[in-house]
Amino acid sequence: MKKTLFALLVIYIFSTSINQPFSNQVYLTLINEVSFTSEPRDIILYDNAYVITNDGLFSISISDPYKITKSEYKELSGLKSMAFIGHYGYAAYGNGKIEVYDFSKSPILKRTTINTSGYIKKVTIFNGYLYVLNETAGLQVYDVNIADFPVYKNTQIIPYSASGMFVTNNKAYITSSYSHLSIIDVGDLSKLPIIGTYTSGTKFYEPYVDGTLAYVPQGSTGVQVLDITKLPTPEWQYNLYARKNAQQVITSNYYVWVTDEKSIESFFNKGPKSYYFAGNYKFKDKITRMALIEGKYIYVCSTDKTLKILKIDYKY
């Protein structure tokens, strides 16, 4: 009788536990969609979410994801990348041109043009400097403290073909072909020295840096987590294995969010070298880019010509 009761107790505890959610899980709910006439390719967060499509640039409100407002800037069709400082926007095109617009005017007013050489992959602004990632010429830096009067400062050649960039704490983290990561000291504009490198894996996409860690997505083999205090050679810490094709990473608090072909994957950083799967959301079509809004919502670019908005619920 005692053995029977004990067995029933074990079965009850086990069946109860498997029906309970693990701690630190996340649940994603689709709450809204915004349609475009062409595929959204990138999202830049500033005062709003700025979405790039083949038709131009769209401003999508972020104050209330349930009630979206959308504004279109047709002047910027063919845009490759975008960056903002004050009320000025730097519109980068693949042909090497960057056009500077005053967004306080309606319609927006073009102020000047920067002519670079090569094919621009991405632009970003950090601490009053414009960083231009050029697929062939490497990293180019401009002083934009006077926003409509950019001043060229220097260029650093990047090994192989540049693909992704993240700038923080006076360092630029540049990924390029052949799974190569270059870390550049952008605090030293006279030299822009490369102070660290890492090469391992298959193909690197755009890196993301949070504190002492760099997260480097590498497609079908997931995401590498690197300790970037170990310069000149960052130290591998962990691999996050997404389902198919990890191409973008964003972190928020203890969570790591990964775009993975047709899903958003979430991982919880439990401690040093310790991550576990926290939840996901699957889409019918492929997704290309995401943006995290205050850790509460995720805006996702989809190949079905829509921007999908997900609400995050945390279960502790």
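These legends describe close-up views of a predicted model.

View 1. Leu 231 sits in the loop that runs between β20 (223-227) and β21 (235-240). With a relative accessibility of 32%, Leu 231 counts as partly exposed, because values under 20% are called buried and values over 50% exposed. Apart from neighbours within four places in sequence, the residues in contact with Leu 231 are Lys 171, Ile 183, Ile 195 and Gly 196. Ile 264 is 33 residues away from Leu 231 along the chain, and the C-alpha atoms of the two are separated by 31 Å.

**View 2. The salt bridge between Lys 308 and Glu 33.** Side chains of opposite charge can pair when their charged atoms come close. The structure holds nine salt bridges. In one of them, Lys 308 pairs with Glu 33, and the closest N and O atoms are 2.7 Å apart. Lys 308 belongs to strand β28 (residues 306-315) and Glu 33 to strand β1 (residues 25-35), so this pair ties together parts that are 275 residues apart in sequence. Lys 308 counts as buried, at 8% relative accessibility, whereas Glu 33 counts as partly exposed, at 40%.

**View 3. The salt bridge between Glu 99 and Lys 110.** Here the side chains of Glu 99 and Lys 110 meet in a salt bridge, with an N to O distance of 3.3 Å. Glu 99 lies in strand β8 (residues 97-102) and Lys 110 in strand β9 (residues 109-115), and the two residues are eleven apart. Glu 99 has a relative accessibility of 14% and therefore counts as buried. Lys 110, with a relative accessible area of 41%, is partly exposed.

View 4. Asp 304 is partly exposed, at 30% relative accessibility, while Lys 308 is buried, at 8%.

Notes:
Residues are numbered from 1 along each chain as its sequence is written. This is a predicted model: local features need pLDDT of at least 70, side-chain atom pairs count only at pLDDT 80 or more; totals for chains, interfaces and linings use all residues. Side-chain values use heavy atoms; hydrogens and water are left out. Helices (H or I, at least four residues) and strands (E, at least two) are DSSP runs, numbered from the N terminus. Buried means under 20% relative accessible area, exposed over 50%, partly exposed in between (1.4 Å probe, protein chains only). Contact means heavy atoms within 4.5 Å. A salt bridge is a side-chain nitrogen of Lys or Arg within 4 Å of a carboxyl oxygen of Asp or Glu.
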